[in-house]
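Please look over the sequence and the structure before reading on.

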Amino acid sequence: MPYQIPYLELGTDDVSLHKVVEACQGQFVKGSVVQEFEKAFSSVIRSGHCITTGSGTDALFIALKSLNIQPGDEVLTPALSWISSAETISLCHAKPVFVDVDEDTYTIDAKKIEAKITSKTKAIIAVHLYGHAADVVALKKICDQHKLFLIEDCAQAHLTTINQQVVGTLGDAGAFSFYPTKNLGAWGDAGCVVTNNSVLAEKMRRFGNHGALQKEDHTMEGMNSRMDSLQAAVLLQRLPNLESLNEKRLENAAYYTRQLQGIQEIVLPKVKESTTHTFHIYAIRAQNRDALKAYLADQGIQTLIHYSKALPFLTPYKHLLVNEHDYPVSSVLQDELLSLPIHPAIKQDQMEYICNHIRKFFQRSPFK
Ligand SMILES: *Cc1c(COP(=O)(O)O)cnc(C)c1O
(Lines give C-alpha, C1' and ligand atoms only; values in the text may rest on other atoms or scores of the structure.)
Protein backbone atom coordinates (compact mmCIF):
# COMPACT_ATOMS: atom_id res chain seq x y z
CA MET A 1 0.00 0.00 0.00
CA PRO A 2 1.70 3.24 -1.08
CA TYR A 3 0.08 5.47 1.49
CA GLN A 4 -1.69 5.58 4.80
CA ILE A 5 -3.49 8.90 4.75
CA PRO A 6 -5.00 9.75 8.13
CA TYR A 7 -8.02 12.00 8.32
CA LEU A 8 -6.23 14.12 10.92
CA GLU A 9 -2.60 15.10 11.17
CA LEU A 10 -1.83 16.32 14.65
CA GLY A 11 1.77 15.09 14.84
CA THR A 12 4.48 17.70 14.30
CA ASP A 13 3.95 20.48 16.74
CA ASP A 14 4.61 24.12 16.29
CA VAL A 15 4.27 24.86 20.01
CA SER A 16 7.18 24.91 22.46
CA LEU A 17 6.43 23.19 25.78
CA HIS A 18 9.13 25.24 27.45
CA LYS A 19 7.49 28.49 26.31
CA VAL A 20 4.07 27.23 27.41
CA VAL A 21 5.24 26.43 30.95
CA GLU A 22 7.13 29.72 31.14
CA ALA A 23 4.03 31.69 30.04
CA CYS A 24 1.94 30.15 32.84
CA GLN A 25 4.18 31.70 35.51
CA GLY A 26 3.13 29.11 38.05
CA GLN A 27 -0.61 29.80 37.60
CA PHE A 28 -2.58 26.94 36.15
CA VAL A 29 -6.20 28.11 36.08
CA LYS A 30 -7.12 31.56 34.74
CA GLY A 31 -4.10 33.77 35.40
CA SER A 32 -2.54 36.47 33.26
CA VAL A 33 -1.83 34.26 30.24
CA VAL A 34 -5.56 33.51 30.03
CA GLN A 35 -6.35 37.22 30.08
CA GLU A 36 -3.74 37.76 27.42
CA PHE A 37 -5.35 35.12 25.21
CA GLU A 38 -8.81 36.61 25.74
CA LYS A 39 -7.49 39.99 24.63
CA ALA A 40 -5.67 38.58 21.62
CA PHE A 41 -8.65 36.49 20.46
CA SER A 42 -11.13 39.40 20.85
CA SER A 43 -8.85 41.57 18.82
CA VAL A 44 -8.45 38.98 16.03
CA ILE A 45 -12.20 38.42 15.67
CA ARG A 46 -13.05 42.05 16.51
CA SER A 47 -15.41 41.27 19.38
CA GLY A 48 -15.95 43.43 22.45
CA HIS A 49 -15.55 40.66 25.03
CA CYS A 50 -14.08 37.18 25.12
CA ILE A 51 -14.65 34.88 28.09
CA THR A 52 -12.66 31.66 28.07
CA THR A 53 -14.38 28.43 29.16
CA GLY A 54 -13.55 24.79 29.75
CA SER A 55 -14.95 23.71 26.36
CA GLY A 56 -17.07 24.78 23.39
CA THR A 57 -20.04 22.91 24.84
CA ASP A 58 -19.71 24.89 28.07
CA ALA A 59 -19.48 28.09 26.03
CA LEU A 60 -22.89 27.33 24.44
CA PHE A 61 -24.41 26.38 27.81
CA ILE A 62 -23.06 29.52 29.50
CA ALA A 63 -24.45 31.70 26.69
CA LEU A 64 -27.91 30.07 26.90
CA LYS A 65 -28.04 30.29 30.71
CA SER A 66 -26.85 33.90 30.71
CA LEU A 67 -29.49 34.82 28.11
CA ASN A 68 -31.94 33.46 30.67
CA ILE A 69 -33.18 30.41 28.77
CA GLN A 70 -35.65 28.85 31.21
CA PRO A 71 -37.44 25.53 31.69
CA GLY A 72 -40.24 25.28 29.13
CA ASP A 73 -38.60 27.65 26.65
CA GLU A 74 -37.95 26.49 23.11
CA VAL A 75 -34.72 27.07 21.21
CA LEU A 76 -34.40 26.42 17.48
CA THR A 77 -31.29 24.56 16.37
CA PRO A 78 -30.25 22.81 13.13
CA ALA A 79 -31.06 19.13 12.58
CA LEU A 80 -27.54 18.49 11.27
CA SER A 81 -24.81 19.32 13.79
CA TRP A 82 -22.72 18.00 16.64
CA ILE A 83 -24.89 17.15 19.66
CA SER A 84 -23.58 20.12 21.71
CA SER A 85 -25.85 22.48 19.81
CA ALA A 86 -28.89 20.55 21.11
CA GLU A 87 -27.87 19.04 24.46
CA THR A 88 -26.93 22.44 25.94
CA ILE A 89 -30.55 23.54 25.35
CA SER A 90 -31.79 20.50 27.27
CA LEU A 91 -29.27 21.26 30.04
CA CYS A 92 -31.23 24.50 30.58
CA HIS A 93 -34.39 22.33 30.86
CA ALA A 94 -35.56 24.01 27.67
CA LYS A 95 -36.66 22.17 24.52
CA PRO A 96 -34.48 21.87 21.41
CA VAL A 97 -36.64 22.34 18.32
CA PHE A 98 -34.87 21.01 15.26
CA VAL A 99 -35.00 22.84 11.94
CA ASP A 100 -33.88 21.17 8.70
CA VAL A 101 -30.77 22.46 6.95
CA ASP A 102 -30.24 24.18 3.62
CA GLU A 103 -29.36 21.86 0.77
CA ASP A 104 -26.40 23.95 -0.44
CA THR A 105 -24.74 25.16 2.76
CA TYR A 106 -25.84 22.40 5.20
CA THR A 107 -26.61 25.14 7.76
CA ILE A 108 -29.98 25.91 9.38
CA ASP A 109 -32.56 26.72 6.67
CA ALA A 110 -33.87 30.23 7.38
CA LYS A 111 -36.90 29.56 5.16
CA LYS A 112 -38.05 26.75 7.47
CA ILE A 113 -37.75 28.71 10.72
CA GLU A 114 -40.98 30.72 10.86
CA ALA A 115 -43.07 27.53 10.80
CA LYS A 116 -41.32 26.38 13.99
CA ILE A 117 -41.71 29.57 16.01
CA THR A 118 -44.23 29.42 18.89
CA SER A 119 -44.97 31.70 21.84
CA LYS A 120 -42.33 29.70 23.78
CA THR A 121 -39.50 30.26 21.31
CA LYS A 122 -36.70 32.32 22.88
CA ALA A 123 -33.60 31.86 20.75
CA ILE A 124 -32.02 30.41 17.63
CA ILE A 125 -28.66 28.65 17.54
CA ALA A 126 -26.94 29.13 14.20
CA VAL A 127 -24.19 26.56 13.60
CA HIS A 128 -21.58 27.56 11.04
CA LEU A 129 -21.22 23.93 10.02
CA TYR A 130 -17.95 22.71 8.45
CA GLY A 131 -16.70 26.32 8.42
CA HIS A 132 -19.44 27.68 6.14
CA ALA A 133 -21.37 30.60 7.61
CA ALA A 134 -25.07 30.12 8.33
CA ASP A 135 -27.35 32.72 6.73
CA VAL A 136 -26.99 35.16 9.63
CA VAL A 137 -28.48 38.08 7.69
CA ALA A 138 -31.79 36.25 7.25
CA LEU A 139 -31.65 34.82 10.79
CA LYS A 140 -31.12 38.24 12.32
CA LYS A 141 -34.15 39.58 10.51
CA ILE A 142 -36.29 36.77 11.95
CA CYS A 143 -34.80 37.28 15.43
CA ASP A 144 -35.52 41.02 15.34
CA GLN A 145 -39.07 40.43 14.18
CA HIS A 146 -39.88 37.83 16.84
CA LYS A 147 -37.61 39.20 19.61
CA LEU A 148 -35.41 36.11 19.74
CA PHE A 149 -31.78 35.82 20.78
CA LEU A 150 -29.27 34.64 18.20
CA ILE A 151 -26.41 32.44 19.41
CA GLU A 152 -23.70 31.49 16.96
CA ASP A 153 -21.98 28.12 17.29
CA CYS A 154 -18.57 28.87 15.77
CA ALA A 155 -16.84 25.67 16.92
CA GLN A 156 -16.06 24.79 13.28
CA ALA A 157 -15.65 28.31 11.94
CA HIS A 158 -12.75 30.27 13.41
CA LEU A 159 -12.40 33.41 11.24
CA THR A 160 -15.21 32.57 8.82
CA THR A 161 -16.74 35.87 7.62
CA ILE A 162 -20.03 37.20 6.30
CA ASN A 163 -19.76 40.55 4.50
CA GLN A 164 -16.28 40.84 6.00
CA GLN A 165 -17.56 40.47 9.59
CA VAL A 166 -16.16 37.57 11.57
CA VAL A 167 -18.73 35.03 12.76
CA GLY A 168 -19.35 35.03 16.49
CA THR A 169 -19.71 38.81 16.53
CA LEU A 170 -22.97 38.95 14.55
CA GLY A 171 -25.47 37.54 17.05
CA ASP A 172 -25.97 38.11 20.78
CA ALA A 173 -23.22 35.65 21.66
CA GLY A 174 -20.79 33.41 19.81
CA ALA A 175 -19.38 30.12 21.15
CA PHE A 176 -15.99 28.76 20.06
CA SER A 177 -14.32 25.43 20.74
CA PHE A 178 -10.55 24.92 20.88
CA TYR A 179 -10.79 21.13 20.99
CA PRO A 180 -7.48 19.82 19.55
CA THR A 181 -8.88 18.99 16.09
CA LYS A 182 -10.61 22.34 15.46
CA ASN A 183 -9.06 24.96 13.17
CA LEU A 184 -7.54 26.52 16.29
CA GLY A 185 -6.84 23.71 18.74
CA ALA A 186 -5.42 23.48 22.25
CA TRP A 187 -3.72 20.52 23.95
CA GLY A 188 -6.99 19.48 25.56
CA ASP A 189 -10.52 20.77 26.05
CA ALA A 190 -10.96 24.54 25.88
CA GLY A 191 -13.43 27.09 24.54
CA CYS A 192 -14.67 30.64 24.77
CA VAL A 193 -17.79 32.71 24.40
CA VAL A 194 -17.74 36.18 22.83
CA THR A 195 -20.17 39.09 22.81
CA ASN A 196 -20.37 42.82 22.21
CA ASN A 197 -22.84 43.27 25.08
CA SER A 198 -20.99 44.21 28.28
CA VAL A 199 -23.87 43.30 30.64
CA LEU A 200 -24.13 39.84 29.08
CA ALA A 201 -20.32 39.55 29.15
CA GLU A 202 -20.20 40.07 32.91
CA LYS A 203 -23.00 37.56 33.47
CA MET A 204 -21.24 34.95 31.35
CA ARG A 205 -17.91 35.60 33.09
CA ARG A 206 -19.56 35.15 36.47
CA PHE A 207 -21.52 32.06 35.42
CA GLY A 208 -18.39 30.15 34.39
CA ASN A 209 -16.63 31.08 37.63
CA HIS A 210 -19.14 30.15 40.38
CA GLY A 211 -21.03 33.41 39.99
CA ALA A 212 -18.02 35.47 41.02
CA LEU A 213 -15.60 37.84 39.32
CA GLN A 214 -13.21 37.71 42.25
CA LYS A 215 -12.84 35.19 45.04
CA GLU A 216 -16.04 34.95 47.12
CA ASP A 217 -17.79 37.78 45.33
CA HIS A 218 -20.66 35.37 44.51
CA THR A 219 -23.66 37.35 43.27
CA MET A 220 -25.31 34.22 41.84
CA GLU A 221 -24.75 30.50 41.42
CA GLY A 222 -22.76 29.35 38.46
CA MET A 223 -20.42 26.53 37.56
CA ASN A 224 -16.73 25.82 37.19
CA SER A 225 -15.84 26.19 33.54
CA ARG A 226 -12.54 27.95 33.11
CA MET A 227 -9.67 27.67 30.68
CA ASP A 228 -6.46 26.50 32.27
CA SER A 229 -3.31 28.51 31.72
CA LEU A 230 -1.53 25.74 29.81
CA GLN A 231 -4.26 25.76 27.14
CA ALA A 232 -4.21 29.55 26.95
CA ALA A 233 -0.44 29.53 26.50
CA VAL A 234 -0.72 26.93 23.71
CA LEU A 235 -3.48 28.92 22.00
CA LEU A 236 -1.52 32.17 22.28
CA GLN A 237 1.38 30.56 20.46
CA ARG A 238 -0.91 29.18 17.75
CA LEU A 239 -3.21 32.15 17.23
CA PRO A 240 -0.80 34.05 14.95
CA ASN A 241 -0.78 31.03 12.59
CA LEU A 242 -4.56 30.66 12.40
CA GLU A 243 -4.99 32.73 9.28
CA SER A 244 -2.28 30.93 7.34
CA LEU A 245 -3.55 27.52 8.50
CA ASN A 246 -7.03 28.48 7.28
CA GLU A 247 -5.53 29.59 3.96
CA LYS A 248 -3.86 26.20 3.58
CA ARG A 249 -7.25 24.55 4.17
CA LEU A 250 -8.77 26.81 1.50
CA GLU A 251 -6.02 25.88 -0.96
CA ASN A 252 -6.60 22.20 -0.21
CA ALA A 253 -10.35 22.64 -0.73
CA ALA A 254 -9.74 24.42 -4.05
CA TYR A 255 -7.48 21.57 -5.14
CA TYR A 256 -10.12 18.93 -4.33
CA THR A 257 -12.80 20.96 -6.05
CA ARG A 258 -10.67 21.32 -9.22
CA GLN A 259 -9.71 17.67 -9.30
CA LEU A 260 -13.14 16.23 -8.51
CA GLN A 261 -15.12 18.53 -10.79
CA GLY A 262 -17.08 16.68 -13.44
CA ILE A 263 -17.65 13.43 -11.53
CA GLN A 264 -21.41 13.11 -12.06
CA GLU A 265 -22.03 10.95 -9.00
CA ILE A 266 -20.77 13.41 -6.40
CA VAL A 267 -21.76 16.85 -5.15
CA LEU A 268 -18.94 19.18 -4.09
CA PRO A 269 -19.13 21.82 -1.34
CA LYS A 270 -20.50 25.22 -2.38
CA VAL A 271 -19.51 28.58 -0.95
CA LYS A 272 -22.24 31.20 -0.87
CA GLU A 273 -21.61 34.72 -2.09
CA SER A 274 -20.43 37.28 0.48
CA THR A 275 -19.37 34.55 2.91
CA THR A 276 -16.00 32.90 3.34
CA HIS A 277 -15.47 29.25 4.22
CA THR A 278 -12.75 28.01 6.56
CA PHE A 279 -13.10 24.31 5.65
CA HIS A 280 -12.90 22.71 9.05
CA ILE A 281 -14.48 19.89 7.06
CA TYR A 282 -14.48 19.24 3.29
CA ALA A 283 -17.49 16.99 2.71
CA ILE A 284 -18.58 15.59 -0.62
CA ARG A 285 -21.95 13.96 -1.23
CA ALA A 286 -22.30 10.57 -2.91
CA GLN A 287 -25.32 8.28 -3.15
CA ASN A 288 -23.22 5.16 -2.63
CA ARG A 289 -21.23 6.81 0.14
CA ASP A 290 -20.68 3.71 2.28
CA ALA A 291 -19.22 1.72 -0.61
CA LEU A 292 -16.99 4.67 -1.54
CA LYS A 293 -15.82 5.00 2.08
CA ALA A 294 -14.97 1.29 2.24
CA TYR A 295 -13.15 1.44 -1.10
CA LEU A 296 -11.08 4.42 0.00
CA ALA A 297 -10.27 2.69 3.30
CA ASP A 298 -8.89 -0.25 1.28
CA GLN A 299 -6.57 2.23 -0.46
CA GLY A 300 -5.27 3.48 2.90
CA ILE A 301 -7.38 6.64 2.88
CA GLN A 302 -9.20 7.43 6.10
CA THR A 303 -12.44 9.41 5.73
CA LEU A 304 -15.05 10.36 8.31
CA ILE A 305 -18.77 11.10 8.36
CA HIS A 306 -20.17 14.28 9.93
CA TYR A 307 -22.75 13.09 10.85
CA SER A 308 -24.16 9.65 10.08
CA LYS A 309 -27.30 10.40 12.10
CA ALA A 310 -28.98 13.79 12.09
CA LEU A 311 -29.72 14.98 15.63
CA PRO A 312 -33.51 14.36 15.64
CA PHE A 313 -32.82 10.68 14.94
CA LEU A 314 -30.39 10.15 17.83
CA THR A 315 -31.53 8.08 20.84
CA PRO A 316 -31.90 11.04 23.25
CA TYR A 317 -34.42 12.67 20.88
CA LYS A 318 -36.46 9.53 20.12
CA HIS A 319 -39.30 10.93 22.23
CA LEU A 320 -39.85 13.65 19.61
CA LEU A 321 -41.23 10.91 17.35
CA VAL A 322 -40.07 12.59 14.16
CA ASN A 323 -39.34 10.77 10.95
CA GLU A 324 -37.41 11.34 7.75
CA HIS A 325 -40.25 13.26 6.12
CA ASP A 326 -39.92 15.92 8.82
CA TYR A 327 -36.25 16.52 7.93
CA PRO A 328 -35.96 15.64 4.24
CA VAL A 329 -32.63 17.38 3.61
CA SER A 330 -30.84 16.17 6.74
CA SER A 331 -32.18 12.66 6.13
CA VAL A 332 -30.52 12.51 2.73
CA LEU A 333 -27.33 14.23 3.89
CA GLN A 334 -26.72 11.78 6.74
CA ASP A 335 -26.57 8.98 4.15
CA GLU A 336 -24.50 10.84 1.54
CA LEU A 337 -21.91 13.06 3.23
CA LEU A 338 -18.29 11.98 3.32
CA SER A 339 -15.49 14.10 4.81
CA LEU A 340 -12.13 13.97 3.04
CA PRO A 341 -8.83 14.72 4.83
CA ILE A 342 -8.18 18.45 4.55
CA HIS A 343 -5.83 19.26 7.43
CA PRO A 344 -3.14 21.85 6.66
CA ALA A 345 -0.37 19.22 6.76
CA ILE A 346 -1.73 17.10 3.90
CA LYS A 347 0.52 17.02 0.82
CA GLN A 348 -0.61 17.62 -2.73
CA ASP A 349 0.48 14.14 -3.88
CA GLN A 350 -1.68 12.64 -1.13
CA MET A 351 -4.69 14.66 -2.29
CA GLU A 352 -3.94 13.62 -5.88
CA TYR A 353 -3.90 9.98 -4.77
CA ILE A 354 -7.25 10.47 -3.01
CA CYS A 355 -8.84 12.17 -6.05
CA ASN A 356 -7.53 9.50 -8.43
CA HIS A 357 -9.10 6.81 -6.31
CA ILE A 358 -12.43 8.60 -6.06
CA ARG A 359 -12.45 8.86 -9.85
CA LYS A 360 -11.45 5.22 -10.20
CA PHE A 361 -14.22 4.12 -7.84
CA PHE A 362 -16.89 5.72 -9.99
CA GLN A 363 -15.37 4.36 -13.20
CA ARG A 364 -15.53 0.79 -11.90
CA SER A 365 -18.61 1.15 -9.78
CA PRO A 366 -21.57 -0.98 -10.74
CA PHE A 367 -23.98 1.27 -8.81
CA LYS A 368 -24.79 4.50 -10.57
C1 LIG B 1 -16.80 20.70 18.56
C2 LIG B 1 -18.13 21.26 18.51
C3 LIG B 1 -18.78 21.74 19.66
C4 LIG B 1 -18.31 21.48 21.06
O5 LIG B 1 -17.04 21.86 21.37
P6 LIG B 1 -16.26 21.09 22.55
O7 LIG B 1 -15.11 22.00 22.81
O8 LIG B 1 -15.86 19.77 22.02
O9 LIG B 1 -17.17 20.98 23.72
C10 LIG B 1 -20.00 22.39 19.52
N11 LIG B 1 -20.56 22.55 18.32
C12 LIG B 1 -19.99 22.10 17.19
C13 LIG B 1 -20.67 22.34 15.89
C14 LIG B 1 -18.76 21.43 17.24
O15 LIG B 1 -18.20 20.96 16.11
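Buried means under 20% relative accessible area, exposed means over 50%, and partly exposed covers what lies in between. The model is predicted.

Q: Is Glu 251 buried, exposed or partly exposed?
A: The relative accessibility of Glu 251 is 49%. Buried needs a value under 20%, and exposed needs one over 50%. Glu 251 therefore counts as partly exposed.

Q: What is the N to O distance in the salt bridge between Glu 336 and Arg 285?
A: This pair links distant parts of the chain, 51 residues apart. Glu 336 is in helix H10 (residues 328-336), and Arg 285 is in strand S11 (residues 282-286). Both Glu 336 and Arg 285 are buried. Their side chains meet with an N to O distance of 3.0 Å.

Q: Which residues are linked with Asp 100 and Lys 112 in a network of salt bridges?
A: The count of salt bridges in the model comes to 13. The bridge between Asp 100 and Lys 112 is one that belongs to a network.

Q: How many residues of each class make up the shell around the ligand?
A: The residues around the ligand include Ser 55, Gly 56, Thr 57, Trp 82, Val 127 and Ala 155. Asp 153 and Lys 182 also belong to this set. By class, the shell has three nonpolar, seven polar and two charged residues.

Q: What share of the ligand's exposed area does the protein bury?
A: A polar side-chain atom of Asp 153 lies 2.7 Å from a nitrogen atom of the ligand. A polar side-chain atom of Lys 182 lies 2.7 Å from an oxygen atom of the ligand. Taken alone, the ligand exposes 380 Å², and the protein buries 93% of that.

Q: Which residue has a side-chain N or O atom 2.5 Å from an oxygen atom of the ligand?
A: The cut-off for a polar contact is 3.5 Å between N or O atoms. The distance of 2.5 Å is to an atom in the side chain of Thr 57.

Q: What is the omega of the peptide bond that joins His 306 and Tyr 307?
A: Most peptide bonds are trans. The bond between His 306 and Tyr 307 is cis. Tyr 307 is placed in the loop between helix H9 (289-298) and H10. Omega for this bond is about 10°.

Q: Is Tyr 130 buried or exposed?
A: Tyr 130 has a positive phi of about 70° although it is not a glycine. Its place is the loop between S4 and helix H5 (136-146). At 3% relative accessibility, Tyr 130 counts as buried.

Q: Is Gln 164 buried or exposed?
A: Gln 164 is not a glycine, yet its phi is positive, about 70°. Gln 164 lies in the loop between strand S6 (161-162) and strand S7 (165-166). At 66% relative accessibility, Gln 164 counts as exposed.

Q: What accessible area do the residues of the nonpolar surface patch have together?
A: Val 29 is one of the patch residues. Val 29 is found in the loop between helix H1 (17-24) and helix H2 (32-45), and at 45% relative accessibility it counts as partly exposed. Leu 17, Val 21, Phe 28, Trp 187 and Leu 230 also belong to the patch. Together the patch has about 540 Å².

Technical notes: Residues numbered from 1 in each chain as written. Predicted model: local features only at pLDDT ≥ 70, side-chain atom pairs only at ≥ 80, totals over all residues. Heavy atoms only, no water. Patch = residues over 30% accessible without salt bridge, like charges linked within 9 Å, V, L, I, M, F, W, Y side chains within 5 Å. Areas by Shrake-Rupley, 256 points an atom, 1.4 Å probe, with all protein chains shown as cover. Salt bridge = Lys/Arg side-chain N within 4 Å of Asp/Glu carboxyl O. Helix = DSSP H or I, 4+ residues; strand = E, 2+ residues; numbered from the N terminus. Buried < 20%, exposed > 50% of the residue type's maximum accessible area, 1.4 Å probe, protein only. Near = heavy atom within 4 Å. Polar contact = N/O pair within 3.5 Å; in protein donor to acceptor, adjacent residues only side chain to side chain. Nonpolar A, V, L, I, M, F, W, Y, C, P; charged D, E, K, R; others polar.
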